Amino acid sequence: MAEIIDGKKIAEDVVATVAATAKDLAAHGVKPGLAVVIVGEDPASQVYVASKSRKAKECGFHSVQHTLAGGTSQADLVALIEQLNVDPAIHGILVQLPLPAHIDSGAIIQTIEPDKDVDGFTFVNVGRLGTGEVDSAFVPCTPAGSMLLIERVRGRDLSGLTAVVVGRSNIVGKPMANLLLAANCTVTIAHSRTKDLPALCRTADILVAAVGRPEMVKGDWVKQGATVIDVGINRIPAPEKGEGKTRLVGDVAFAEAAENAGSITPVPGGVGPMTIAMLMANTLVSACRAAGVEPPRF
Ligand SMILES: NC(=O)C1=CN([C@@H]2O[C@H](COP(=O)(O)OP(=O)(O)OC[C@H]3O[C@@H](n4cnc5c(N)ncnc54)[C@H](OP(=O)(O)O)[C@@H]3O)[C@@H](O)[C@H]2O)C=CC1
Ligand SMILES: Nc1nc(=O)c2c([nH]1)NC[C@@H]1CN(c3ccc(C(=O)N[C@@H](CCC(=O)O)C(=O)O)cc3)C=[N+]21
């Protein structure tokens, strides 16, 4: 049976380090500030945003949330971001995705000042990661958190290991692949046009699933002893819990995958909590840079 990687616990360790360093920063007269911007009333997004704001307060941050009406114009959203870009009390800006369809998300993301882009989505930060300047980049929180979990079980140098990342989004799949490459893995990125995905997955010492399809990765896709990172967050009906009830599952069929894997992340309690913890870590690093203080290593 696989070791179950306790993302919740590892996330708590990260948050404890963040909170302790935030306290030290106070001696330099700096309080890390995080601004979270949400447009519209998507209930799932509201849950995530609330937990980000709560965690920021727990870390002793200055935490502000801007909730804009669903009909907000592109120009008004740009104006808010430009104001946050020059606000010295704000070290991190997160614009919750997805944005409503009438807004050009790509253009909005590029409006964020790269030094406050704690999601790591701007061209500057993507470019830093892509050219191997990992230490100066803000790395997107989900892959950064996934990488920390991988390091806990396999160490920092992954030389000689084969990694397969299923999913090629800008938010998860591509930056994940870049991080694994930077750690010396041999990396393959798979997607919806990949031929014989099960066979490809069976080659992986490290298998990352970021697809958005409930329990798609089956037990017999997993190589004996592999490390399996399940990024998927899928809410599915759970009639066994009562009428209209739901439960969260990942992109991996957990029970059967755990029979072959050496280590595996659960959903919930795996990558999700790490994502929020890394958002706090990135915001802290931004504040350290602003204060001229060496940031901790996570
Ligand atoms: N835990 C966390 O903190 C976070 C979790 N998530 C979750 O991770 C999952 C992925 O998110 P995200 O990257 O944003 O999703 P996207 O929808 O942007 O990307 C999904 C990727 O999966 C690929 N894909 C879809 N169907 C298949 C298939 N049948 N076989 C192989 N590949 C397939 C797509 O391929 P193609 O490019 O060819 O279309 C695409 O590259 C979701 O469940 C999301 O909820 C996301 C962010 C944070
Ligand atoms: N600009 C932007 N940055 C993001 O990082 C971003 C985003 N937009 N849009 C949405 C996705 C999704 N995401 C998650 C964060 C935490 C959990 C999380 O904490 N999950 C818990 C369970 C939560 C629950 O019970 O619903 C867990 O897996 O244990 C999940 C998903 C960040 N995202």
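Predicted model: local features only at pLDDT ≥ 70, side-chain atom pairs only at ≥ 80, totals over all residues.

Author: Residues are numbered from 1 along each chain as its sequence is written, while chains are lettered from A and ligands numbered from 1 in the order in which they are written.

Reader: What makes a residue part of the shell around ligand 1, and which come closest?

Author: The test is a C-beta atom, placed from the backbone, within 6 Å of the molecule. For ligand 1, 25 residues surround it, and S169, H191, S192, G212 and T275 are the closest. Helix α10 (residues 271-291) gives the largest share, 3 residues.

Reader: Which residues does the UniProt "binding site" annotation cover?

Author: The unreviewed UniProt entry puts it on G167, R168, S169 and I233. Its positions are in the numbering used here, feature names are shortened, and annotations may be inferred rather than shown by experiment.

Reader: Why is R168 called partly exposed?

Author: Buried needs 20 or more other C-beta atoms within 10 Å of the residue's own, exposed needs 12 or fewer, and partly exposed is in between, with C-beta atoms placed from the backbone. R168 has 18 such neighbours, so it is partly exposed. S169 has 16, so it also counts as partly exposed. R168 lies in the loop between β5 (162-166) and α7 (173-182), and S169 is in the loop between β5 and α7 too.

Reader: What is R168 in contact with, leaving aside its neighbours within four places in sequence?

Author: Contact means C-beta atoms, placed from the backbone, within 7 Å. With those neighbours left aside, R168 is in contact with G173, K174, I189 and H191. S169, treated likewise, is in contact with K174 and A210.

Reader: Why is K245 called exposed?

Author: K245 has 10 other C-beta atoms within 10 Å, so it is exposed. Its place is the loop between β9 (234-237) and β10 (246-249).

Reader: And E215, buried or exposed?

Author: E215 has 20 other C-beta atoms within 10 Å, so it is buried. Its phi is near 55°, a positive value in a residue other than glycine. N184 likewise has a positive phi, near 75°. N184 has 14 other C-beta atoms within 10 Å, so it is partly exposed.

Reader: How do you know what α10 should span?

Author: Helices (H or I, at least four residues) and strands (E, at least two) are DSSP runs, numbered from the N terminus. The expected span of a helix is 1.5 Å times one less than its number of residues. For the 21 residues of α10 that gives 30 Å, and its end C-alpha atoms are 30 Å apart, so the two agree. Of its 21 residues, 18 are buried. After α10 comes G292, with a positive phi near 70°.

Reader: Which domains supply the shell around ligand 2?

Author: Domain 1 (25-116) and domain 2 (140-272) each give at least three residues. The bounds come from an automatic or database domain assignment. The domain centres, taken over C-alpha atoms, are separated by 28 Å. Of the 18 residues around ligand 2, L97, P268, G269, G272 and T275 come nearest. The largest share, 4 residues, comes from α10. By class, the shell divides into 12 nonpolar, 5 polar and 1 charged.

Reader: What makes the peptide bond from L97 to P98 cis?

Author: Its omega is near 0°. V267 and P268 are also joined by a cis peptide bond, with omega about 0°. P98 sits in the loop between β4 and α4 (105-111), and P268 in the loop between β11 (263-264) and α10.

Note on methods:
Contact = placed C-beta atoms within 7 Å. Nonpolar A, V, L, I, M, F, W, Y, C, P; charged D, E, K, R; others polar.
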